[in-house]
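Please open the structure in your viewer and keep the selection tool at hand.

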Amino acid sequence: MEDYESWKNFISTNAINMGINIDAFILEKFSIYAKELLFWNTKTNLTSITSPIEIAEKHFLDSAASLKYIKPNSHILDIGSGAGFPGVVLKIMDPSLRVTLIDSTRKKINFLNHINRVLKLTNITAAQIRIEDFAKIDANKNAFDVVISRAFSNINNFFSLSLPFVSNKGVIIAMKGAKLNEELSEVDISNIKIKNFDVDIFPYFLHYSQSKRNLAIFKKNKE
């Protein structure tokens, strides 16, 4: 990543195409983040995506797409955060967010703690824990305004696992690819209605790779 100015320009230009504004301060943090990710990835496998341009698009731009559907000051739970996507990206873009990152893999949590220190991010924590064990902690029940994940599991499983954590006025956001409709066809829709949730689909497009992406956002109905 020697030519990081071009890299930042790539993100900025493509973000505009997606209807997202990313300023110079955020871009600088993104470039530091990407460099650290690539360096750590030479020692331990954090991501299979190693091309800087693909990292820009498939990690940073893809993560940024959900921010427009998240209110400022929200408390976010990122399940299966991996190397911090989308949770760390969202925190960089909106410092008002409170973010909890969970992942079951120690090396990924080590990296998350490192990048949070390097970027001097506050009100963001990373914990090595399985989602099933996280659910056993009483303080986590209905504690989050947003529960989000990117490719953590299929829709049916992700919705069920997320349900204990979302607040009464909160949302569950599943970041998915082009085959979202196939996954939704397997969801027990009647079960979702019983639990007073509606689902809205918001498509977006990653221009460089010509990839279709979708956000499935579950929101509680009025009871």
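What does the accessible surface of the chain come to, and how much of it belongs to carbon and sulfur atoms? With everything selected, the surface comes to about 10,900 Å², of which 49% belongs to carbon and sulfur atoms, the areas being taken from the Shrake-Rupley method with a 1.4 Å probe. This is a predicted model, in which local features need pLDDT of at least 70 and side-chain atom pairs count only at pLDDT 80 or more, while totals for chains, interfaces and linings use all residues. Residues are numbered from 1 along each chain as its sequence is written, and side-chain values use heavy atoms, with hydrogens and water left out.

Of the 223 residues, 49% count as buried, that is, under 20% relative accessible area (1.4 Å probe, protein chains only).

Colour now by secondary structure: the chain holds nine helices and seven strands, which are DSSP runs (H or I of at least four residues for helices, E of at least two for strands) numbered from the N terminus.

Select residues 75-79, strand β1, where five of the five residues are buried. H75, L77 and I79 lie on one side and I76 and D78 on the other, and both faces are covered.

Centre the view on D78 to find L101 of β2 opposite.

Note on methods: Buried < 20%, exposed > 50% of the residue type's maximum accessible area, 1.4 Å probe, protein only. Pairing = 2+ DSSP bridges.
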